[in-house]
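User: I would like to learn how to read a helix and a sheet in a model. Could you take me through this one?

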Amino acid sequence: MSEGEPMQMNEPGAHFEAGRQTGPVILDLRHISLSFGGVKALTDISFDVRQHEIRAIIGPNGAGKSSMLNVINGVYRPQQGEIVYRGEHRRNMDCYAAAKSGIARTFQNIALFKGMTVLDNIMTGRNLKMTSNFLLQALYWGPARREEIAHRHKAEEIIDFLEIQHIRKTPVGRLPYGLQKRVELGRALAAEPDILLLDEPMAGMNVEEKQDMCRFILDVNDQFGTTIVLIEHDMGVVMDISDRVVVLDYGRKIGDGTPDEVRANPEVISAYLGAAHGH
Ligand SMILES: Nc1ncnc2c1ncn2[C@@H]1O[C@H](COP(=O)(O)OP(=O)(O)O)[C@@H](O)[C@H]1O
Ligand SMILES: [Mg+2]
């Protein structure tokens, strides 16, 4: 939203975009630069994410999109810049601390335990929420047993929500790709995140699978109030569901705004035309 635009004041800092009410900024990336040896993956990238927003990151392959998510959840440590999360300033995120403080993600290449069932994979998303120690859990005794039951209950709720009851006992490796992606979403949701980072959740899906995934993302955002940062190549999807879009190209930010603003941005148009010729 541009500076001069009138705010609709339902609550302090409230904004409306794509018909959705978003809150104040909860995550602010400031002047982030990241390189690997001589390769500059990100150069001076700044953007913010508002509470309850669906924020898309788009750009051609190699633009630095996945690297950006890795900076947000502490997998990569940027050489320059600052991350402000819930008002706390830091040079970089710590992976474990990020997860503990409510940031969950899915990966561009599915990262699940292929030999384990859907239910058990989703249970692994509860790990950070478990308080009983390992010995008690191994003995499956007393408080650990009660805790285990509560976690299973939560996992089953997520399974119902994602409409995957029929495959809850199926080893993930036997499922078609689209369903594996849905299970990975389930594993991330099991952590009950405040911010969900999704790296190409619809890549490789057919039209129907994409529609389902879109619906689940919108439902998560709506029903759980989860803030979503989404990397996606399907422009139709991005334009449909996101409040604001960041555009990266060769590690630089070339656009940032509402879908309509980004679509009309000449630099973005030429990056995409260039990419279309290059591939
Ligand atoms: N772990 C890494 N080691 C070395 N180079 C990397 C690493 N991760 C990403 N890169 C490089 O950073 C650039 C951006 O990659 P990436 O963030 O994966 O782009 P995108 O997700 O937009 O396709 C690419 O040039 C890629 O080769
Ligand atoms: Mg990527």
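**Reading a helix and a sheet**

Analyst: The protein has 10 helices and 12 strands, where helices (H or I, at least four residues) and strands (E, at least two) are DSSP runs numbered from the N terminus. This is a predicted model, in which local features need pLDDT of at least 70, side-chain atom pairs count only at pLDDT 80 or more, and totals for chains, interfaces and linings use all residues. Residues are numbered from 1 along each chain as its sequence is written, while chains are lettered from A and ligands numbered from 1 in the order in which they are written.

User: Which residues of α7 are buried, and which are exposed?

Analyst: A residue is buried if 20 or more other C-beta atoms lie within 10 Å of its own, exposed if 12 or fewer, and partly exposed in between, with C-beta atoms placed from the backbone. In α7, the buried residues are Met-213, Ile-217, Val-220 and Asn-221. They lie on the same side of α7 because they cover an arc of only 95° around the axis, the arc being that of the directions from the helix axis to the C-beta atoms. On the other side of α7, the exposed residues are Val-207, Glu-208, Arg-215, Asp-222 and Gln-223.

User: In what order do the strands of the open sheet with β4 run?

Analyst: Two strands pair if DSSP finds at least two bridges between them. Here four strands form an open sheet in the order β4-β3-β6-β7, with antiparallel pairing. Its edge strands, β4 (39-50) and β7 (88-90), each pair on one side only. Strand β6 (residues 80-85) pairs with β7 over three bridges in the antiparallel sense, and Ile-83 stands opposite Arg-90 in β7.
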